[in-house]
Amino acid sequence: MSRAIPVGKIKVVVVDDSAFVRRAIIRIFEQSPDIQIIDVASDGVMAVELVKKLRPDVVTLDVQMPVLDGLSALERIMTECPTPVIMLSSLTGKGGDKTLKALELGAVDFIDKSAAGGPMDIAAIARELTAKIMVAARVDLQKLRGGDGTKAQPVERHPATLATDTEVVAIGTSTGGPPALQAILGKIPADFPCPILIVQHMPMGFTASLAERLDRLSAVSVGEARDGERLQPGKAYLAPAGRHMKIRRVAGELHIWLDTEPELSLHRPSVDTLLESVAAACGRKSLALVLTGMGKDGSVGARAIKESGGRIVVESEETAIVFGMPKAVMDSVAVDAVVPLYTAAETIIRLV
């Protein structure tokens, strides 16, 4: 089900059980030339009714609400009146799994509104929410349908495909990434012959939950990367939020290196930083995959991969929820393959 690009202001319904949050979001967009808050709701039942009545372009939806919780409200919205939804979550740690479940159910993205003991950073949330609403309003809802939360069947391979000179597979993604990663890793066999390094743009506190979720749903082992860890075949390493992930050789073996340089990077972790590191360490034995996401992170690193003799695959516009990152890579270098998400795992296995 494709959606027409909104004409005029993007119409938004705000759903949150906190009156403070509702008022804050209304104030954020009072003078906006692009976004208009057309109504608010304080529980999930009201949210579903408003969405069906007003047909907004975007809904912001709190994860925790009375009467009908955010996940249940999201399921009803996506079934009864499909609309792009941005989740507002203050849940980290174990609770972060609820936010990841929301992305699997069809939410476009989420924003962490947790305050870590202090007042909510309205200015930062305003910038992030504005950017994500602008993207969500233009998303094709057909691309938001996730899996059923069960393990996908690993791709069967002929034994000859075990022979490889690829040392590392690096994956970079942002908006729409968690369900995309689940779709790919769920098909990678446990005996995959090289390590997989992943950068997913996420707030602090959510990458551990994502790693745990992916590990449950994948044949390969998935974990949040640790500084100094030695890379092993058949294992996927997810960069922790707030730190760049790089690799380097120690006594001939590849190890993970986590730090905050470059500090001025727009994203931390950065896809560019990972890919540049992989290119330097592995050269022609590197393979990179850039998936859905807004922005250009990955385009500089992809150039480093290609200049070192490595290979680049990007997700096609057909399935990418946001085609920004793959397109930026395609504009930067001659990629080796452009594939829809549903054939990405097979492509990786074939190239490796």
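Modeller: Let's start with a term: contact means heavy atoms within 4.5 Å. This is a predicted model, so local features need pLDDT of at least 70 and side-chain atom pairs count only at pLDDT 80 or more, while totals for chains, interfaces and linings use all residues. Residues are numbered from 1 along each chain as its sequence is written, and side-chain values use heavy atoms, with hydrogens and water left out.

Biologist: Great. How many helices and strands are in the chain?

Modeller: There are eleven helices and 14 strands. Both are DSSP runs numbered from the N terminus: helices are H or I with at least four residues, strands are E with at least two.

Biologist: And how much of the chain is buried?

Modeller: Of its 352 residues, 55% are buried. Buried means under 20% relative accessible area, exposed means over 50%, and partly exposed lies in between (1.4 Å probe, protein chains only). Also, among contacts with a separation of 6 or more, 75% join residues 24 or more positions apart.

Biologist: Let's look at α4. Which of its residues are buried?

Modeller: Helix α4 covers residues 96-105, and G96, T99, L100, A102, L103 and E104 are buried there. Those residues pack against α3 (70-80), β4 (85-89), β5 (109-112), α6 (177-185) and α7 (207-216). After α4 comes G106, with a positive phi near 125°.

Biologist: What about α11, mostly covered or mostly open?

Modeller: Mostly covered: six of the eight residues in α11 (344-351) are buried. They are A344, A345, T347, I348, I349 and L351. Their partners are β6 (168-173), α6, β12 (286-290), β13 (311-315) and β14 (337-339).

Biologist: New topic. How many residues are in the largest nonpolar core?

Modeller: It has 80 residues, and L61, M87 and I133 are among those with the most contacts inside it. A nonpolar core is a set of buried Ala, Val, Leu, Ile, Met, Phe, Trp, Tyr and Cys residues joined through side-chain atoms within 4.5 Å. A second, separate core of 30 residues includes L258, A281, I305 and V333.

Biologist: What does L61 touch?

Modeller: Leaving out residues up to four places away in sequence, its contacts include V15, A47, L74, I86 and M87.

Biologist: How do α8 and α9 pack?

Modeller: Helix α8 (271-282) and helix α9 (299-307) meet at an angle of about 10°, with axes 7 Å apart. Axes are lines fitted to C-alpha atoms, for helices over the stretch in contact, and angles run from 0 to 180 degrees between N-to-C directions. The two helices are therefore roughly parallel. Angles under 35 degrees count as roughly parallel, over 145 as roughly antiparallel, 65 to 115 as roughly perpendicular and the rest as oblique.

Biologist: Which residues meet there?

Modeller: From α8, D272, L275, E276, V278 and A279 meet a set in α9 that includes V300, A304 and I305.

Biologist: Last one: where is A320?

Modeller: A320 sits in the loop between β13 and α10 (324-332). A320 is buried, at 1% relative accessibility. Not counting residues up to four places away in sequence, A320 touches K143, T292 and E315. A320 and G177 are 143 residues apart in sequence and 9.2 Å apart in space, C-alpha to C-alpha.
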